[in-house]
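Thanks for coming, everyone. Let me put the model on the screen, and then I will walk you through it.

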Amino acid sequence: MRWDASGYDDRFGFVTEYGTELLELLEVEPPAALLDVGCGTGTHAAVMAGRGFDVLGVDQDAGMIARAARLHPQVRFVTEDVQTMKLDRTFDAAISNAALHWMTDQAAALRSIRAALNPGAQFVAEMGGKDNVATIDGALTEAVSQLGLTPPPIRKFFPSVGEQAALLESAGFAITYMKWFPRPTRLAADQTPAAWTRLFRADVWATVPPSLHVELAARVDAASEGLRDEQGWFIDYHRLRFSAVAV
């Protein structure tokens, strides 16, 4: 799936904003070498570079990396699939916000991250956890089916605490902290669940003829009625946050 990098920042910047809290879990001090895994448009990489860290941002999406490099020329970014990456250096710590759940071969991704870290390096991350966006994904699948089409599989990996803990330990990490929690997230007044799916499930939308997109949006919103209250629409996020050490 190719991302709309500017749309990600402009319309759904809350994904990055929530991740700022994650940075405070990092116990490593600058000028340590820091790897930003799934860096997106580079906001957190730039923040940490500003704090004195030696940062490398890695993301599979070339559009995201191009925007990151343009917005933050002081930081080095590379286009790499984390599940298969082999970097030419190692790092003292790694961070990852809202990226690991896109990596369906999670075991391979975690092994690659571990291989990029020095022994004792800290890895802090937040990702979608069990039940994440279950309502909105169900609404999209239902809406596509109502149009007489076969919905494609949605690329995602939303593990439970136990599942992710086992994968981390198998990859060579010792877990020091892990928490699963619901975080219902309010959309802007001009956004609806259909708009969210159009960005975050663009690969599903691409399988639907453009002539049906208006109807698809209406059906997604109708099937997402449980995500609306007197204040407007929200998304049913459930997050998994952890800190681990490379052993």
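Start with strand β5, residues 117–128. Nine of its 12 residues are buried, and the strand is mostly covered. A word of caution before I go on: this is a predicted model.

Which way do β4 and β5 run relative to each other, parallel or antiparallel? They run parallel. Strand β4 covers residues 91–97, and six bridges join it to β5. To find one of the pairs on screen, look for S96: its bridge partner in β5 is A125. As a reminder, strands of a sheet pair through backbone hydrogen bonds, in either direction.

Now follow the chain out of each of these strands. Is A98 buried or exposed? A98 is buried, because its relative accessible area of 11% is under the 20% cut-off.

D131 has 40% relative accessibility, so it counts as partly exposed.

Why point these out? Most residues other than glycine have a negative phi, and most peptide bonds are trans. That second part brings me to the next stop. The peptide bond from P30 to P31 is cis, with omega near 10 degrees. You will find P31 in the loop between α2, residues 14–23, and β1, residues 33–37.

Three strands form it, in the order β7-β9-β8. The sheet is open, and the pairing is antiparallel. Its edge strands are β7, at 185–186, and β8, at 228–229, and each pairs on one side only. Strand β9 spans residues 232–235, and two bridges join β8 to it. Look for R228, which stands opposite W233 in β9.

Stay in this area for P184. It sits in the loop between β6, residues 173–182, and β7. P184 is exposed, because its relative accessible area is 53% and the cut-off is over 50%. What does P184 touch, beyond its neighbours within four places in sequence? It is in contact with F234, I235 and Y237. Along the chain, P184 and W233 are 49 residues apart, yet their C-alpha atoms are separated by 9.9 Å.

Helix α8, residues 193–200, is mostly covered, with six of its eight residues buried. Those are P193, A194, W196, T197, L199 and F200.

Let me zoom out to the whole chain. It has 10 helices and 10 strands. The C-alpha atoms fill a box of roughly 50 × 40 × 35 Å, taken along the principal axes. For 247 residues, a compact globule would have a radius of gyration near 18 Å, and this chain agrees, with 18 Å. Buried residues make up 53% of the 247.

Last, the surface and the charges. The accessible surface comes to about 10,800 Å², and 52% of it belongs to carbon and sulfur atoms. There are 22 positive and 31 negative charges, and their mean positions are 2 Å apart.

That is the tour. Thank you.

Technical notes:
Residues numbered from 1 in each chain as written. Predicted model: local features only at pLDDT ≥ 70, side-chain atom pairs only at ≥ 80, totals over all residues. Heavy atoms only, no water. Helix = DSSP H or I, 4+ residues; strand = E, 2+ residues; numbered from the N terminus. Rg over C-alpha atoms; globule rule 2.2 N^0.38 Å. Buried < 20%, exposed > 50% of the residue type's maximum accessible area, 1.4 Å probe, protein only. Areas by Shrake-Rupley, 256 points an atom, 1.4 Å probe, with all protein chains shown as cover. Lys, Arg positive; Asp, Glu negative; His and termini not counted. Charge placed at Lys NZ, Arg CZ, Asp CG, Glu CD. Pairing = 2+ DSSP bridges. Contact = heavy atoms within 4.5 Å.
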